Amino acid sequence: MARRTWQAGISAMVTALGVVAITLTNAPEAAAASPLRDLAAAKGVYFGTAATVGELNDSAYKALGAREADMMTPGNEMKWDTTEPNRGQFNFGPGDAVVAAATAANQRVRGHTLVWHSQTPNWVQNLPATELRQAMVDHITTEVNHYEGKLYAWDVVNEAFSEDGTRRQSFWQQKLGDGYIAEAFRAARAADPAVKLYYNDYNTDGVGAKSDAVYNMVKSFLQQGVPIDGVGLQAHLIVGQVPGSMRQNIQRFVDLGVEVAITELDIRMPTPATAAKLATQASDYKAAADACLAVAGCVGITTWGLSDKYSWIPSVFPGEGAALPFDDALQAKPAYDALNRAYGGTGSTPTSTTTPTTPTTPTGGAKSCTASYAIVSQWQGGFQGEVKVTAGGSAVTAWTVTWTFPNGQSVSSVWNASVVTSGSGVTAKNLNYNGRLDPGAGTAFGFLGSWNSANGIPSVACTAS
Ligand code: XIL
């Protein structure tokens, strides 16, 4: 009964005051999370992600990337096994496709990667030393020329050091000796004088033997006039183990005179994920972001994908995963909320409801909630919606919002709620971190949707327990 009355009330309100409802989403206490790319831009840095051409066929995932990231790294498409599968036979189609998608989303691109021991064809690995040197220079020259003017940076050499700071005994190192890295950078500079040239590696995020070795190499390059502009810290991290010296490490590279970027951030955990692990992961993401944001000269952060749906982790580290800020269903995790706040955003829930100053006791009255639906932005065929949920006079521990789209619209990806659809019907439930609301307190969830002929505002209903 009460629900029917309330529903009728909201329906009347949105019919008469639809525009007002949209304006209300701009009020600070009800704001949807600003996309990370906007928050990063306001701080003079970028927020990037990596994607493969295949992943970009997933339109919901593509839209999520376009919303959150203003820098893109092709996951595999610029690696040697794709770009020069046979000697002198170049294949830039897949890489070009990622660049085109990035350009359409108004994103810049990091080129990844020219010289690596992995994902490099056998024909390269089997060459004798003299030919290998020439093949390396030819490959760099042709690929860098092809992308000249289209990229922000190149990871020129990837993962050339071992954990103890000695050179990795790759076929490059064994056949060409120490000089191959400097040669690769010189060839890249000759092919494109403007693109930033990076050395990129993992387990170099904090101060240690491996990052010391990279530091010494960069220092000697700068002394000798070998062209290098940046150091990429991959940051494939483990929950609970973000190096405490990350900021100090970033700072020492910047002090040398190069820029730094976090290039492949993910923070893995033993699966399945639990609320406790997700909470630790959230503070880990914040710690990594803070380390970069604290140092002028740390130009941006790229996550190695956005959603656990496409993460490389489970295939390479069996039993581990859940490493990215969005889950398998493209729903924002606590890590996303923490990242958003680290960049100065409101997070996806109002601060006042996630950090209550005094614990409140439920009044014992009937549990209820109200919800309001608003279109945050709309474009041809698509829109971003936001639903604000407010608890009634009693504290609630879970909420469910339902509506039926009036014009056949559909929901493609959702953050801060879990959604099930059936035809035009939508049922959205809280996630484990935003179900609990104090009396009168609010939270919000958002989604991307598509529409055709019209995008009318549906009536929404909210139930609480
Ligand atoms: C990974 C890709 O994500 C996978 O699809 C591929 O199978 C293996 O490579 N360090 C790097 C990236 O520099 O290129 C790697 O990408 C992840 C580790």
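What is the handedness of the crossing of helix 12 and helix 13? In this predicted model, the crossing of these two helices is right-handed. Helix 12 spans residues 246-256 and helix 13 spans residues 275-293, and their axes come within 8 Å and cross at roughly 25°. Angles under 35 degrees count as roughly parallel, and helix 12 and helix 13 are therefore roughly parallel to each other. On the side of helix 12, the contact is made by Met246, Arg247 and Ile250, and on the side of helix 13 by Ala288, Ala291 and Cys292. By class, the contact of helix 12 with helix 13 has five nonpolar residues, one charged residue and no polar residues.

Two packed helices are described by the angle between their axes and the distance between the axes. For helix 13 and helix 15 the angle is about 25° and the axes are 8 Å apart. That makes helix 13 roughly parallel to helix 15. The crossing in which helix 13 passes helix 15 is right-handed. Helix 13 contributes Leu278, Gln281, Ala282, Tyr285, Lys286, Ala289, Asp290 and Leu293, which meet Pro334, Ala335, Ala338, Leu339 and Ala342 in helix 15. The residues of this contact divide into ten nonpolar, one polar and two charged.

Strand pairing was examined next. Strand 9, formed by residues 298-303, is mostly covered, with six of its six residues buried. Strand 1, residues 46-51, pairs with strand 9 in the parallel sense over four bridges. Within strand 9, Thr302 is the residue that stands opposite Gly48. Strand 8, residues 259-270, likewise pairs with strand 9 in the parallel sense, over four bridges. Here Ala261 stands opposite Gly300 of strand 9.

An open sheet of four strands shows antiparallel pairing, in the order 15-16-13-18. Strand 15 (418-422) and strand 18 (460-464) stand at the edges; each has a single partner strand, so one side of each is left without a neighbour in the sheet. From one strand to the next, the twist averages 15°. Strand 15 and strand 16 (residues 425-429) run antiparallel and are joined by five bridges. The bridge partner of Ser422 in strand 16 is Gly425.

Gln234 lies in the loop between strand 6 (230-233) and strand 7 (236-238). This residue is buried, with a relative accessible area of 1%; buried means under 20%. The C-alpha atoms of Gln234 and Asp205 are separated by 7.3 Å, although the two residues are 29 residues apart along the chain. Residues up to four places away in sequence aside, Gln234 touches Asn158, Glu159, Asn200, Asp201, Tyr202, Asp205, Ile262, Thr263, Glu264 and Leu265. Strand 8, described above as a partner of strand 9, covers residues 259-270.

Several backbone features were also recorded. Most residues other than glycine have a negative phi, and most peptide bonds are trans. Two residues with a positive phi are described here. Gln119, which is not a glycine, has a positive phi of about 50°. Gln119 is found in the loop between strand 3 and helix 7 (122-125). With a relative accessible area of 27%, Gln119 is partly exposed. In Leu330, a residue other than glycine, phi is near 65°, a positive value. Leu330 is buried, and its relative accessible area is 3%.

Cis peptide bonds were treated in the same way. The peptide bond from His112 to Thr113 is cis, with omega near 0°. Thr113 lies in strand 3, which comprises residues 108-115. Thr271 and Pro272 are joined by a cis peptide bond, with omega about 0°. Pro272 lies in the loop between strand 8 and helix 13. Strand 8 pairs with strand 9, and helix 13 packs with helix 15.

Conventions. Residues are numbered from 1 along each chain as its sequence is written. This is a predicted model: local features need pLDDT of at least 70, side-chain atom pairs count only at pLDDT 80 or more; totals for chains, interfaces and linings use all residues. Side-chain values use heavy atoms; hydrogens and water are left out. Axes are lines fitted to C-alpha atoms, for helices over the stretch in contact, and angles run from 0 to 180 degrees between N-to-C directions. Angles under 35 degrees count as roughly parallel, over 145 as roughly antiparallel, 65 to 115 as roughly perpendicular and the rest as oblique. A crossing is left-handed if the near helix is turned anticlockwise from the far one by less than a right angle, and right-handed if clockwise. Contact means heavy atoms within 4.5 Å. Ala, Val, Leu, Ile, Met, Phe, Trp, Tyr, Cys and Pro count as nonpolar, Asp, Glu, Lys and Arg as charged, and the others, Gly among them, as polar. Buried means under 20% relative accessible area, exposed over 50%, partly exposed in between (1.4 Å probe, protein chains only). Two strands pair if DSSP finds at least two bridges between them.
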